[in-house]
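This report looks at how side chains pack and pair in a single predicted model. Please keep the sequence and the structure in view while reading.

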Amino acid sequence: MTTTLYPGAIRGTHWYGDTYKGDLMDPNVLALHTTEGTSVVSYSNGAEAPNLTVLPNIKTRKFTAYQHFALNRSARALVNAPGGVETNTLNVVQLELVGTCDPKHAKTWGKLKAGVDYIYWPAAPEWCYDALAELIAWMHKNLAIPLSGPSEWPAYPSSYGKTSARMTFAEWNKFRGICGHLHAPENYHGDPGNIPFAKILAKAKALVGGTATNPPGGGAPARPKPTPIPKPAPPFPGRGYFGPGKSNSHITALGERLVKKGFGKYYVSGPGPKWSDADRKNVRAFQLSRTELSGDADGLPGSLTWKLLFS
């Protein structure tokens, strides 16, 4: 079953999946965009939204992710001309990176400074590429999107319009892997420009052990590793073991499981036996990621939260 929500992603007012249902899809492509701005936008109230937007938090050197559509539903950020090739609906997960690829803003953008107030993606700080590689590795592990892509990533504005990097209809229909907005047919946008794709891809492959390689330009999806049979969830000790003032081994076990599931971003020094606000925030992020729990996302584990977390 396709994983539909990205761990820890914020939805709320940024979620448009109830307004635009989209087409069901079996993702095998990740398309990278840049927003050409410095903040998360409404995308015309969702009419032109991707599946995900990531906002680089320059102070913490981490991404804040916003989810707009489920990962198994088509998004709306690509041009899709009537009677042409399918773009948005052709099994493509779309990711917007807040920032720019325009060399006019390589150093400054008005009074703003690159790397301090916003990200210029062709020459981003290394932590941005690390964070993007982690996201790509997650997409590979959970959606089996191949760790491969085109070798040609021209610089903006030469990437704009009809270029040698722009795929034909036949190439697009065959493609599996990671590409940019600049590669999509029927589109003229040039983002994300000349990002160091080879370096980012190498980082992602290292995170998954270098086990996934596909020919440049795509190919058959990588075969996922066999999923081990999960161990039964430990018995839920009871809600009274969690919350302010509590300290016990169950809190440590909860924190360690949150980290393993990808919901440990609020820990500064790792989980421990004493309940903290970081525990509450991480539990709440996990609850918000599950439709079964999102209506009761108070940050305190109940029996269902415990069962889903340990499953």
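Residues are numbered from 1 along each chain as its sequence is written, and side-chain values use heavy atoms, with hydrogens and water left out.

**Cores and helix α1**

A nonpolar core is here a set of buried Ala, Val, Leu, Ile, Met, Phe, Trp, Tyr and Cys residues joined through side-chain atoms within 4.5 Å, where buried means under 20% relative accessible area, exposed means over 50% and partly exposed lies in between, with a 1.4 Å probe and protein chains only. The largest nonpolar core has 40 residues, and those with the most contacts inside it are Leu30, Leu95, Trp121, Leu132, Ile136, Met139 and Ile178. Helices (H or I, at least four residues) and strands (E, at least two) are DSSP runs numbered from the N terminus; the elements that give two or more residues to this core are β1 (29-34), β2 (52-57), β3 (62-67), β4 (92-97), α1 (126-143) and α3. Helix α1 gives the most to this core, with 12 residues. A second, separate core of 16 residues includes Ile251, Leu258, Leu308 and Leu309.

Contact means heavy atoms within 4.5 Å. Leaving aside neighbours within four places in sequence, Ile178 is in contact with residues including Leu30, Leu32, Ile136, Trp153, Phe197 and Leu201.

In helix α1, 13 of the 18 residues are buried, so this helix is largely enclosed by the rest of the structure. Its 18 residues should span 26 Å at 1.5 Å a residue, and the end C-alpha atoms are 25 Å apart, which agrees; the expected span is 1.5 Å times one less than the number of residues. Helix α1 is followed by Ala144, whose phi is positive, near 60°.

Thr87 lies in the loop between β3 and β4 and, at 0% relative accessibility, counts as buried. With neighbours within four places in sequence left aside, the contacts of Thr87 include Leu78, Val92, Trp172 and Pro185.

**Aromatic pairs**

Rings of Phe, Tyr and Trp (its six-membered ring) pair if their centres lie within 6.5 Å, and planes under 30 degrees apart count as stacked, over 60 as edge-to-face and the rest as tilted. By this rule there are 14 aromatic pairs. The rings of Phe242 and Trp275 have centres 6.2 Å apart and planes at 65°, so this pair is edge-to-face. Phe242 lies in the loop between α3 (197-207) and α4 (249-260), and Trp275 in the loop between α4 and α5 (277-289), so the pair ties together parts that are 33 residues apart in sequence. Both Phe242 and Trp275 are buried. For Trp306 and Phe310 the ring centres are 4.5 Å apart and the planes at 35°, so that pair is tilted, and both residues are again buried. Phe236, Phe242, Trp275, Trp306 and Phe310 form one aromatic cluster.

A charge sits over a ring if NZ of Lys or CZ of Arg is within 6 Å of the ring centre and within 35 degrees of the ring normal. The charged end of Arg11 sits over the ring of Trp15, 5.8 Å from its centre, and that of Arg76 sits over the ring of Tyr20, 4.1 Å from its centre.

**Salt bridges**

A salt bridge is a side-chain nitrogen of Lys or Arg within 4 Å of a carboxyl oxygen of Asp or Glu. The structure holds six salt bridges, among them the three in the table.

| Salt bridge | N to O distance |
|---|---|
| Glu126 and Lys199 | 3.2 Å |
| Arg239 and Asp298 | 2.4 Å |
| Lys281 and Asp277 | 3.6 Å |

Glu126 in helix α1 and Lys199 in helix α3 are 73 residues apart, and their pair links distant parts of the chain. Glu126 is partly exposed, with a relative accessible area of 36%, and Lys199 is partly exposed at 35%. Salt bridges that share partners join Glu126, Asp130, Lys199 and Lys203 into one network.

Arg239 lies in the loop between α3 and α4 and Asp298 in the loop between α5 and α6 (303-309), so their pair ties together parts that are 59 residues apart in sequence. Lys281 and Asp277, by contrast, are four residues apart in helix α5 and are separated by about one helical turn.

Conventions: Predicted model: local features only at pLDDT ≥ 70, side-chain atom pairs only at ≥ 80, totals over all residues.
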